[in-house]
Amino acid sequence: MGEVWKVTITDSLNRFLEKVLIFLPNLLAMITILVVGFLIAWIFKRLLFRFLKAIQFDRVSRQWGLADVLSKGGITYSPANLLSRFFYWVIVFVTLILGVNALEVAATQNLIAQVFNYLPHLFAAVLILVIGYLIAIFLGQATLIAAVNAQMESAKLLSRLVRWLLIIFSLTLALSQLGIAEKVITAAFSVIFGGIVLALAIAFGWGGRELAKEFLERLYKRNGKSDEKEDQISHI
Amino acid sequence: MEKSFQVQLEEIKAADILIGIPSYNNARTISHVVRAVIAGLAKYFPSARAVMVNSDGGSTDGTQDEVRRVQIEDFKTILTSHPVNPIQKIVTPYHGIPGKGSAFRTIFEAARALRAKACAVVDSDLRSITPEWMELLLGPVYEEGFDYVAPLYTRHKFDGTITNSIVYPLTRSLYGKRIRQPIGGDFGFSGKLAEFYLTKDVWETDVARFGIDVWMTTLTVAEGFKVCQSYLGAKIHDAKDPGSDLGPMFAQVVSSVYRLMEEYQSLWKGVRETHPVPTFGFRYEVGLEPVSVNVERMIGNFRLGVRDLTEIWRRVLLPETVGWLESIARLSEEAFFFPQELWVRLVYDFALAYSKGPVHREHLLKSMIPLYLGRVASFVKENQKSSADEVENEIESLCRAFEEMKPYLIERWA
């Protein structure tokens, strides 16, 4: 009986040791990947931050309104700092996945493959959202200034309209990139866009009679048919 | 450079004097300008080899044909004798960004190719140009050794508001030379200076458009060329809607001034006082047609700006400056008053913002237009009954305000 116990325990220990011996290199590989990955992430963050500072990324971001958006969202990092941190965490994330993958645990293999397949879509969606938002802010501001200089009373409304249209448009593109209910999103966008155009048509023709009047008066004046006193001074 | 233009220049080989006329759809007025140029050259520089270059932006109204057609058949009606050398005429389209600056670049290239000693440029929409302008713009360069001749005009007291409220006081305070019309549009310059202009890589910027005049003047002063001004008399343009291109014109001119401020910051920070420049020509009184100004509309535009653009201005101005603007916007039309001190502070703060970049540059400059209109409206209201001399004193006082507040700019710039 004692012999049986001894054999059983020895076999069990041997099997365990075998598994440990098989697993140990994988574990070491994971640790190596994690250490190197974290190191690369840290170096990359530092280099990217310096590069962004050198090309005055913060200044350009201020001009494009990104810094404003961040500060409104309670983010205290500068855009250069934020972007370098973002890439740091991206590399850390990839490192973690590679590390887990190195363990060669069957359950995680499939999941990791799926994550890697999905990553490009996720990046594209984030990029579309960020660029779309920046363009929306920029064009919204350009519209506001142009409308004020054209003496349109509804300058702010027009600017908001342009900004939100572009935000909705980029959101639709991002969601469709992620493959989330593509048909529903496209249909919803068409409905929203169509609705806005219809609302505009109604507002301009009925609710916004004053705006329409103002616009037509301006057009009329430009054609030189107005009785209003025109400026004759040369500005330059 | 256009091939045929190059061939024509090679055929002419060399010239003593070169006159440039930039144009774009100016068929109504250009023949008068060309006639004045031909007569002026024949009268004052009869023995000089002179070339006239019309640098055209692709006119569709027959401007180029007008230039080719115009001749003075009988010089005896205006002169006692014929010129020794007939004036050569070249009509050529210019290349690059459409604008006055690109047209000037072609003229500079012609000056370099012909090794011209003295050059002048005149606007093609002038109604008041006379043959004497040629002597006044070219003479100081051709005979007195100056490099640059800025114009000096008699203008309506409310004319040239960008010049009077920004460009003249600002460039004077920055660079220390009292050049009254730094963006007058009609200049004389040496061939050497034309060649120097061509060494600069600015032809893709606002300098290629309306920014060219202030760029030429500033560069000349900042680089130490010999500068003077000539009194030309009245400046009367062809009538057009001045508001039609105020936005781009304002942005391009002010952008050029601010860009040059960045480039020459080490120079202007050291300039402490201003000096007059030598002035040629005989001053006389000129009768000018009254002009109408819609003050009400300008004030309306200013109020709209305060209502909708304050969010942008807050990124550029100090909180108390924004508060000041808001209090002005609340004034009634009768009581409306935009103080000099506030205006100077705004011009300096926007210059700073242009350089340091909290707002996109084009947005920044275009958002300044309602402020500019507010200041112009106040200026017109204050000087409704003033004589031309009184208005000139008012502009002089604004210049002094710019000079006195320069330490504020230097302090904030650093």
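Okay, a definition to start: two strands pair if DSSP finds at least two bridges between them.

Quick housekeeping. This is a predicted model, and local features need pLDDT of at least 70, side-chain atom pairs count only at pLDDT 80 or more, while totals for chains, interfaces and linings use all residues. Residues are numbered from 1 along each chain as its sequence is written, and chains are lettered from A and ligands numbered from 1 in the order in which they are written.

Back to the sheet in chain B. Eight strands make up an open sheet with mixed pairing, and the order is 3-2-1-4-7-5-8-10.

Helix 5 (residues 132-142) of chain B lies across strand 1 (17-23), strand 4 (118-121), strand 5, strand 7 (187-190), strand 8 and strand 10 of chain B, and it runs at about 25 degrees to strand 7 of chain B. For angles like this one, axes are lines fitted to C-alpha atoms, for helices over the stretch in contact, and the angle runs from 0 to 180 degrees between N-to-C directions.

Now zoom out to the domains, whose bounds come from an automatic or database domain assignment. Chain B splits into domain 1 (3-280) and domain 2 (295-382), and their centres, taken over C-alpha atoms, are 32 Å apart. The contact takes 14 residues from domain 1 of chain B and 15 residues from domain 2 of chain B, where contact means that C-beta atoms, placed from the backbone, lie within 7 Å. On the domain 1 side in chain B, helix 6 and helix 9 are the elements that give two or more residues. Which of them gives the most? Helix 9 of chain B does, with nine residues. By class, this side of domain 1 of chain B has nine nonpolar, four polar and one charged residues. Here Ala, Val, Leu, Ile, Met, Phe, Trp, Tyr, Cys and Pro count as nonpolar, Asp, Glu, Lys and Arg as charged, and the others, Gly among them, as polar.

Next, two helix pairs in chain B. The axes of helix 11 (residues 295-308) and helix 13 (residues 319-329) of chain B come within 10 Å and cross at roughly 135 degrees. That makes helix 11 and helix 13 of chain B oblique to each other; the cut-offs are under 35 degrees for roughly parallel, over 145 for roughly antiparallel, 65 to 115 for roughly perpendicular, and oblique for the rest. Where they touch, F302(B), R303(B) and V306(B) of helix 11 of chain B meet L325(B), E326(B) and A329(B) of helix 13 of chain B.

The other pair is helix 14 (residues 340-356) and helix 18 (residues 406-413) of chain B, with axes that come within 10 Å and cross at roughly 20 degrees. So helix 14 of chain B is roughly parallel to helix 18 of chain B. Y348(B), A351(B) and L352(B) of helix 14 of chain B meet Y408(B), L409(B), R412(B) and W413(B) of helix 18 of chain B. That contact divides into six nonpolar, no polar and one charged residues.

Over to chain A, with domain 1 (1-104) and domain 2 (106-222) in the assignment. Seven residues of domain 1 of chain A are in contact with seven of domain 2 of chain A. Helix 4 of chain A gives the largest share of the domain 1 side, three residues.

Helix 4 and helix 5 (residues 106-149) of chain A pack at about 150 degrees, with axes 9 Å apart, so helix 4 and helix 5 of chain A are roughly antiparallel.

Last up, the two chains together: 35 residues of chain B are in contact with 22 residues of chain A. The chain B side divides into 17 nonpolar, 15 polar and three charged residues.

Conventions. Helices (H or I, at least four residues) and strands (E, at least two) are DSSP runs, numbered from the N terminus.
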